[in-house]
Amino acid sequence: MPQLTHRTRPFRPRAATAAAAAAAALLLAPTCAPPAAAATAPARTAPARTALAWGACPAPTPNANGTVTPRDPRQQCASPRVPRDYRHPEAGSITLEISRIRTATPAHRHGDLLVVPGGPGGSGLDHPSRMATQLPPAVLDHDDLIGLDERGIGNSTPVACGLPPADRSAALAYPFPAPDGTITANLAHAHRVADSCAARTGGYLADITTANSARDLDRVRAALGDPRISYLGTYLGEVYATLFPARTDRVVLDSVVAPGGERQALGLLGQGAEDAFPDLAAWLAAHDSTLHLGADPAAVRATYDRLTARLDTTPLVLGDGRVLTGNALRTVTYATLVSPAYYPTAAAVWQRAAATPPTTPAATPAAALSAAADGPAGPLPSVVPDNFIAAQDAVLCGDTPWPRDSAYYAARTAADRIRHPLTNGMPGNVWPCAFWHYRPAEPPVRITGAGPRNILLLQDLRDPDTPLTGARRTRRALGHRGALLTVDAAGHGVDFADPRVRDPLTAFLLTGRLPG
């Protein structure tokens, strides 16, 4: 579920798309420096009008694969300050970095459209520049685009954990269990990450939550002078529309996270993989004359099972020193499910595994995963080596409480290996949240139908990261407020150029009219 710019906006936890985009290998990373610690108590929000001084933006933050997204020269930035802890505004403030691209036709301007790429953990400051190339021209004429680095991320008082490279690499990978299903190494790694984050950043970690980011958005709305604001993004929009229903204009949720947030989303990854894998299998089968990985989807699935089982016992040492394990193959395969554009990457890795006999004795899962995750030339460059990890874990752990019992994760992993063999227990496995030093300061935001009917949910039918089952749960929770538009497609993030999406999206943003 992690980050990398693919064909559209959303990115999910860890580095799945990064793995795919980094070609035959796997994942990567982004870090930063924190402020002091703080206390907690019941939240209060009093948006204050803040004068925004628009000017040049900070230097672009590299994407997870080391590239830099071209920035629209019209994009400007500003740096408002917001309370660090909304329960105790007197405890100090943090800086947000926000951006905008103004419409080229101000006479047609309706208002401001917040464009947020999802996450958690990834920079959104340059998202207006990305979206200016993807949204329909009528929408760009209608609204100014507003982006931001959410609190704790990038240029917005960032957090860091100070993880060494090996732990950074492992933290970016999904927590697959050992080949025999045990999670001892996963538990140890989760402990180390939680301890390192607490030692490096302290109590500020407790303030990095989706609810607080929603409160930040309302401060941005007030600073812009908008009585209501429109939104295009993912789970943050659900929370904002719940906490501030009267201040929403038009809300678009692209690739819908199930109610309950990212912890619930992680548990659905096995189902998401099962939904999306048949499209990859059909593509590989259609190219069997050159790939020789199976003449039909069932044969392709059998090839996957055979290769992962063989690499579980005898990993393959690649020519550049990396190790291809069963879990590495599972990771890169899952990563490529986010977009059909990545299917050739899966084919290349599968062929490498199938054509070259394993030549090395079994390595420890942690060492093998670390070697694969660093990619061909070691860790990829980034502005802040583990900011993505630190911010993502802070949100995952701060939004909802996680069980603390190691046996709970062992049992979930074992059950998930049986239920969803493609992901081999990963969705049920432990995350650093099991050992996080800061408990959630408030209950999870409960998504409800209280508010205006102004939410459009966009969803691919076969999404590996935010599967359809979660989108349907959110639609039910929103009741009359939302309409769910599904697209017969595989991948994470709808394609705005597809007329099935473009036309109803444009109509909604311009007129407020939801599809039936």
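Author: Buried means under 20% relative accessible area, exposed over 50%, and partly exposed in between, with a 1.4 Å probe and protein chains only. Helices (H or I, at least four residues) and strands (E, at least two) are DSSP runs, numbered from the N terminus. This is a predicted model, in which local features need pLDDT of at least 70 and side-chain atom pairs count only at pLDDT 80 or more, while totals for chains, interfaces and linings use all residues. Residues are numbered from 1 along each chain as its sequence is written, and side-chain values use heavy atoms, with hydrogens and water left out.

The strand to look at is β6, residues 143–149, where 7 of 7 residues are buried. Asp143, Leu145, Gly147 and Asp149 point one way from β6. Asp144, Ile146 and Leu148 point the other way, and these too are buried.

Two strands pair if DSSP finds at least two bridges between them. β4 (residues 97–101) pairs with β6 in the antiparallel sense, over 5 bridges. Within that pairing, isoleucine 98 has leucine 148 of β6 as its bridge partner. β5 (residues 111–115) pairs with β6 in the parallel sense, over 4 bridges. There, aspartate 112 stands opposite aspartate 144 of β6.

Serine 255 lies in the loop between β8 (248–254) and α8 (262–267); its phi is near 70°, a positive value in a residue other than glycine. Serine 255 counts as buried because its relative accessibility is 1%. Histidine 292 lies in the loop between α10 (288–291) and α11 (297–313), and its phi, near 60°, is positive in a residue other than glycine. Histidine 292 counts as exposed because its relative accessibility is 59%.
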